[in-house]
Amino acid sequence: MGRWICCLCSRVTDSLMLLLVLALGCDPSTTAATSSPSVPHVKPSYSFGRTFLGLDKCNACIGTSICKKFFKEEIRFDTWLSSHLKLPPNSLLSYSGNYTDDAKSWRQVDITRLTSKYQHDRADKRICTSLLKTKTCSLERALRRTQRFQKWLRAKRLTPDLVQGLPSPLLRCPSQRLLDRIVRRYAEVPDAGSIYMDHLTDRDKLRLLYTLAVNSHPILLQMFPDVEGWPFPRYLGSCGRLVVSASTRPLRDFFGAAPEVAADLALQLLAVLGSMATNDLNYFFYFTHVHAGTFGVFSNGHLFIRDASTLGVIDREEGSQLMDGQQEYKDIFSCLTADCQSALVSCDSIGEKHSLVMVCQDLLPKLLAGKFQPPMQGRIDAFLQRCALGLGEPAELAEILKPLRSCDSRFAYRYPDCRYSDKY
């Protein structure tokens, strides 16, 4: 009887150890000394360290909502079919991955950092040296002591004074309606559907504040989800300092595309800019700058905003509740990854064609240059030159490009609807 009990205890211990390895992302070899020899051989697996994911820096991180997917290998990097699964270098800013809900069907995802590991490390050092005068420290303990976070702890609602001086374009012209939407849509906590922060723990508040201070990209994806028709990739969750979202190819990959593809993407780009300027919620979205990876294209040919980190939002319904003079407030959260001395754009300086001008200067020429026969190419080039000076109307370019689009299966997002509707 005693021998049977010992054997049972040994098996229970082995099972608990295996669960611990999967839950914590430990290297199985580090537990070998305490595990029973009877544990069966486990297939090659990712050995997720807390450092790679950024979990060792929580709660100065984004969240933990999707960590279980990593540890259960339901999120794998693009080498997941390899016989020897290995993690990519942690110095990269983004990774291609695969995601599953049933272990049978996989879909591509983007796994990204809010900023480079170098910038993260530099910000971490700045926190310790600025706040505690030490080279290393507990980031959470240091940030909890700040005056801003103490105000967050006492606050029942996210108000403009709590976000003043944060570098994110999202928060340069905040209205109370916009800030309420941040709290109500924050996806790293159980959905309470409330504008009040009663459902946020101290840990949740620090993670939200940290994310807003470093890069508001995941917050915008949560506030304006694709299922409601907003042109953003779907936010799937975060683990430590990594964000997982639906996969898109950057627009730069299509600069050499066929004329009909380029025309289609240019028309979609104009439509996205139009929807961000005029929408049912009466928010005006603008870019502080654009680059070849700002926009992305899904496998069905649909164009979305791939990088929302440079998006600002002006509430046309309520207006900004933070005066420009108040934005001079600076603290450690104002310069975690941004220049502490950088000047903020005045809300009043943003014109209706602000984003269109940048797109005409930096993106559309690369997408449309040399693709079409004269005199069509001449008309396009002439428009882009005027548009770059703020003189062109998007409807003018749309009229030039619409006849150049084709209706075939390459454009799955609108096929076969384009055969029966003038909309396409």
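**The sheet around β5, and what else can be said**

A: Start with R113, whose bridge partner in β5 is L242. L242 is also the β5 bridge partner of C239. This is a predicted model, in which local features need pLDDT of at least 70 and side-chain atom pairs count only at pLDDT 80 or more, while totals for chains, interfaces and linings use all residues. Residues are numbered from 1 along each chain as its sequence is written, and side-chain values use heavy atoms, leaving out hydrogens and water.

Strand β5 covers residues 242-246. Strands here are DSSP runs of E with at least two residues, helices are runs of H or I with at least four, and both are numbered from the N terminus. Two strands pair if DSSP finds at least two bridges between them. By that test β5 has strand β3 (residues 107-113) as a partner, antiparallel and joined over five bridges. Four bridges link β5 to β4, again antiparallel. Between β4 and β5 lies a hairpin with two residues between the strands, where G240 has a positive phi near 65°.

β5 is mostly covered, with five of its five residues buried. Buried means under 20% relative accessible area, exposed means over 50%, and partly exposed lies in between (1.4 Å probe, protein chains only).

Three of them are described here.

C58 and C61 are joined with an S to S distance of 2.0 Å. The torsion about their S-S bond is about 110°, so this disulfide is right-handed. C58 and C61 are both buried.

C128 and C137 are joined at 2.2 Å from S to S. Here the torsion is about -85°, so the disulfide of C128 and C137 is left-handed. C128 is buried, at 2% relative accessible area, whereas C137 is partly exposed at 26%.

C407 and C418 are joined with an S to S distance of 1.8 Å. Their link is right-handed, with 80° about the S-S bond. C407 is partly exposed, with a relative accessible area of 28%, while C418 counts as buried at 11%.

Last, a helix for contrast with the strands. Helix α9 (residues 202-214) has 13 residues and spans 18 Å from its first C-alpha to its last, close to the 18 Å expected at 1.5 Å a residue. That expectation is 1.5 Å times one less than the number of residues. α9 is mostly covered, with 11 of its 13 residues buried. Among the buried ones are D204, Y210 and V214.

Conventions:
Disulfide = S-S within 2.5 Å.
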